[in-house]
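Q: I am new to protein models and would like to learn how to read one. Could we go through it together, feature by feature?

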Amino acid sequence: MSRPMTDAVPSNEGPQLARSLRSRHVTMISIGGIIGAGLFVGSSAAIAAAGPAITLSYVLAGSVILLVMRMLGEMASLSPGQGSFTEYARIGLGQWAGFVTGWLYWYFWVVVVAIEAIAGAAIIAEWLPLPEWQIGLALMVLLTIVNLLSTRTYGEFEFWFASIKVAAILAFLLVGIGYLIGFAPAQAGGLHNLTAHGGFMPQGTVAVLAAITTVIFSLVGAEIAIIASAESNESTRTISRLTITILLRIMLFYVGSILLIVMIVPWNEIRPGVSPFVMAMERIGIPGAALIMNVIVLTAVLSCLNSGVYITSRVLFTLAAKGDAPQSLIRLNARKVPVRAILLGSSFGYAAVLTAVISPSVLFAFLLNTSGAIMLVVYLIVAFAQIQQRNALSPEQVRGLTVRMWMFPWASWLVIAAIFAVLVAMAFTAELASQLYASLFCTGIAFAACLLRNRSNANPMARAYNKREFIQ
């Protein structure tokens, strides 16, 4: 027998999600959202594109995201419990900003879900004689079920997934440092690898800036903690501080591990698509390096896939609560899980996986390109929203902020300038220009949809219908 669905709006405040996540869950959700296959595998393309100077790309990208998270922390301290972090854009700039950022963020994670499912299937296909698309769909079904069971179940899975990733990175850092200081035989790496093959910045400054797009994609996920705070006993303010602390640690993990890799393995020997961690481990002489890394990458993929299903459903839930998505999506079951939002969000993930089979060079390539710079657009809107909201505060309100943006307004404008600089660098980089224009096209569609929605709501009959649907 199916569980009963709660009323669409059981109270004046709307349906309330279960607060079943604990502090340890949120901590690991923050870590798990940031550490993905983009570090373990995707970093190879970034290293090949920028050389040893890719460490600067990670520092710059991490700094931008750190400042964005500080902005979100300040806005969260003013308006806690918003659910999706994109709602702070709505508060700062108006309804259009909430609509556009919400749907762009949702679309971004739908594509991520498909990418992670396909990546996981490729790894498992080396062990099981099954088509990759079948394995990918099976992974989607498995983690959809995990999310449907309860929020606590999602949190537990993510806790252990993230724990494995953190342990793997710490072990790599210790082994890599030991190798470089001479604890391993035939030590051949060192500081000279940072400048011996064309210099520290062999591809130039533009390549370092352009690589930030790839790097930011791998660092995206810190904001998941703010989304999860709606289902935690911890306050949004506490989560904001926690996320900033965790992000600093993750930046150390990223920059430290990438720096070790380019010191152990000459950057011009690293091949895009081949895990640089495997190459470094093989250079050190660790037996079974490829198998070990495949297991770790699979864990990272499953973690991101798990979080992707969670995020797409919660963003849909929040959009529906604000009237920007079908109202039926805010209904909860007896476990206070938004079942309909989970099923709808994951269904788009299934469709995206199938496009990789039906039309990998056209449809799926289009999905990848249109998501390439979307997070930059989302962060850009968030930055403008924070500036607008902060300027509207009185001096007394600013002094009362529990989380305050550093060096305002200069740091906020610096973030905006940095994002524009990356977008310009993408436009002048042949390999990335198509991603920029496709992402801008997708952004234009979101703005057009917002305009159509506003015109529809201007119709008195449409408003009456929407209101009637909402209260049923």
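Q: Let's start with contacts. Which residues does Phe-364 touch, not counting residues up to four places away in sequence?
A: Two residues are in contact when heavy atoms come within 4.5 Å. This is a predicted model, and in it Phe-364 touches Ala-114, Ile-115, Ile-118, Ala-352, Thr-355, Ala-356 and Ser-359, leaving aside residues up to four places away in sequence. Phe-364 itself belongs to helix 14, residues 363-371.

Q: Is Phe-364 buried or exposed?
A: Buried means under 20% relative accessible area. Phe-364 has 11%, so it counts as buried. For the protein as a whole, 56% of the 472 residues count as buried.

Q: What share of the contacts with a separation of 6 or more joins residues 24 or more positions apart?
A: That share is 81% in this protein.

Q: Which residues meet where helix 2 and helix 12 touch?
A: From helix 2 come Ala-37, Phe-40 and Val-41, and they meet Met-293, Ile-296, Val-297, Ala-300 and Val-301 of helix 12. Sorted by class, this contact has eight nonpolar residues, with no polar and no charged ones.

Q: Which residues touch the most other members of the largest nonpolar core?
A: A nonpolar core is built from buried residues joined through side-chain atoms. The largest one here has 150 residues, and Ile-35, Phe-40, Ile-54, Leu-72, Phe-85 and Tyr-105 touch the most other members. Helix 5 (residues 95-124) gives this core its largest share, 18 residues. Apart from it lies another core of five residues, including Leu-148 and Val-309.

Q: What does Leu-72 touch, not counting residues up to four places away in sequence?
A: Its partners are Phe-85, Tyr-88, Glu-223, Ile-226 and Val-382, with residues up to four places away in sequence not counted.

Q: Where is Gln-386, and is it buried or exposed?
A: Gln-386 sits in helix 15, residues 374-391. Its relative accessibility is 0%, so Gln-386 counts as buried. Among the residues that Gln-386 touches are Met-71, Glu-74, Met-405 and Phe-408.

Q: How many disulfides does the structure hold?
A: A disulfide is a covalent bond between the sulfur atoms of two cysteines. This structure holds zero disulfides. Cys-304 counts as buried because its relative accessibility is 7%, and Cys-442 is buried too, at 12%.

Q: Which residues does a cis peptide bond join?
A: The bond joins Phe-408 and Pro-409, with omega about 5°. Pro-409 lies in the loop between helix 16 (395-399) and helix 17 (410-427).

Q: What is phi of Met-407, and is this residue buried or exposed?
A: Phi of Met-407 is near 50°, a positive value in a residue other than glycine. Met-407 lies in the loop between helix 16 and helix 17. Exposed means over 50% relative accessible area, and Met-407 counts as exposed because its value is 63%. Lys-336 also has a positive phi, near 60°, and is partly exposed at 40%.

Methods. Residues numbered from 1 in each chain as written. Predicted model: local features only at pLDDT ≥ 70, side-chain atom pairs only at ≥ 80, totals over all residues. Heavy atoms only, no water. Buried < 20%, exposed > 50% of the residue type's maximum accessible area, 1.4 Å probe, protein only. Helix = DSSP H or I, 4+ residues; strand = E, 2+ residues; numbered from the N terminus. Nonpolar A, V, L, I, M, F, W, Y, C, P; charged D, E, K, R; others polar. Core = buried A, V, L, I, M, F, W, Y, C linked by side-chain atoms within 4.5 Å. Disulfide = S-S within 2.5 Å.
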